[in-house]
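Open the model in your viewer and keep the sequence beside it. The stops below say what to select and what is there.

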Amino acid sequence: MDRRHLLRIITGVALALAACSDRPWHGTRLDPALAAPPLTVAGALADPATRFVLVEAKESLVVLYFGYTHCPDVCPTMLSDWARAKRALGADTLGVRFVLVSVDPPRDTPELVAAYAQQFDPAFVGLAPSEIELAVLMRDWGIAAYPEGDTRTNDYSVAHPAQSFVVDRQGRLVLMIPSGVRGEELAEDLRRLR
Amino acid sequence: MKSWPKIFVACVSTLGVAACDRPAAWLTDAQATPPLTVTEAWARAADSGATTAVYLTVDNAAMVSDTLSAVTSDVAEDVGLHISMAQNGTMHMAQLRALPVPAQDSVPLRPMGAHLMLTRLRRPLVEDDTVVVTLTFVSGTTIEVRAGVRKP
Ligand SMILES: [Cu+2]
């Protein structure tokens, strides 16, 4: 590393310490924060753990991502970053819930998404909305998700939102995390929201 | 993706023309520094039947460019060259027909970008397992890559 670069880092750290409250967020703050849209997934009748209602998750910070289990690159990268963030948070992770919501009802069952999310961390929640629940979700959250490629086969991919959403304890949508944000950076943002 | 016939190192490269003058010297040079090498290869762990990705970096030490044109592997029913990209806040994936590797340059395939996509895995990929993937270039070079499996 050349010295100018090092100097810039040191100056950066000094500035950040001097103005702690103003240090930038890694994600995008929503200011003013809005009430988060509703999110209700009934899940499998036989397994209450696959059911999720966002308003019932008050008192915890909820990190949400809309993806799918056949996603080979982007979704597992996001979930590994979540796992890294959770490890970095350590004990602070209490009261933070990480939730993957599938946007691929034809292929993703409640059991499959739950098992998929738990591969990254046993505490991660994986939800499979029905077609109707998903349509409502996309409308309420203003997000786009649709199959791409050869949908006649089982090998299509699904376009889905690039960022994750963070809902605070008061049920407000406060932060959006773009896909480039690393685990440690996400942990920093979440710590500030606790 | 269709697999190309294997062609051996001696007739591999675009350096072949220059080599005609002094074949022996060229052969030695070629063995010392192969024009194309692959480093940092790894595969993401996944269940049998699932879809996953292999990442790697292709280094081209030659004075001429080459193009990765085909990828095969026994580990999945389908293997392709893919790229993830964000457009107006939405993530998409697209198939790449080929991936150019410029002369004396390296091309990284890393998460959130270009990747080798393994569709319908024939067996589960577990940590510390190895996946063999064969890369074929337009020059005729084929490289057998051993990618270590890492946690999802
Ligand atoms: Cu892909």
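Select chain B and colour it by secondary structure: along the sequence of this predicted model, chain B runs α-α-β-β-β-β-β-β-β-β-β-β. That pattern holds 2 helices and 10 strands. Chain B has 152 residues, and 45% of them count as buried. Now show the contacts in chain B between residues at least 6 apart in sequence: 67% of these join residues at least 24 apart.

Next, select the copper ion. Which protein atoms are its donors? They are ND1 of His82(B), SD of Met93(B), NE2 of His115(B) and SD of Met117(B), at 2.2 to 2.5 Å from the ion. Along the chain, these donors follow the spacing H-x10-M-x21-H-x1-M.

Why does the arrangement around the copper ion count as tetrahedral? The 4 donor atoms subtend angles of 90 to 129°, and four donors count as tetrahedral if all angles lie between 85 and 135 degrees. For comparison, the ideal angle for four tetrahedral donors is 109.5 degrees.

Are His82(B) and Met117(B) buried or exposed? His82(B) has a relative accessible area of 10%, so it is buried. Met117(B) is buried as well, at 9% relative accessibility. The cut-off for buried is under 20% relative accessible area.

Now hide chain B and select chain A. Its secondary structure comes to 5 helices and 10 strands. Chain A has 194 residues, of which 49% count as buried. Among contacts in chain A with a separation of 6 or more, 70% are between residues 24 or more positions apart.

For the last stop, select residues 74-89 of chain A, which form helix H2, and residues 110-120 of chain A, which form helix H3. The two axes come within 8 Å and cross at roughly 50°. That angle makes H2(A) oblique to H3(A).

Show the side chains where these helices meet:

- From H2(A): Cys75(A), Pro76(A), Leu79(A), Ser80(A) and Ala83(A).
- From H3(A): Tyr116(A), Ala117(A) and Phe120(A).

How many residues of this contact are nonpolar, polar and charged? The contact of H2(A) with H3(A) has 7 nonpolar residues, 1 polar and no charged.

Notes:
Residues numbered from 1 in each chain as written. Chains lettered and ligands numbered in written order. Predicted model: local features only at pLDDT ≥ 70, side-chain atom pairs only at ≥ 80, totals over all residues. Heavy atoms only, no water. Donors = N, O, S within 2.8 Å, 3.2 Å for Na, K, Ca; no water. Tetrahedral: all angles 85-135°; square planar, octahedral: opposite > 155°, others 65-115°. Buried < 20%, exposed > 50% of the residue type's maximum accessible area, 1.4 Å probe, protein only. Axes fitted to C-alpha atoms, helices over the stretch in contact; angles between N-to-C directions. Helix = DSSP H or I, 4+ residues; strand = E, 2+ residues; numbered from the N terminus. Parallel < 35°, antiparallel > 145°, perpendicular 65-115°, else oblique. Contact = heavy atoms within 4.5 Å. Nonpolar A, V, L, I, M, F, W, Y, C, P; charged D, E, K, R; others polar.
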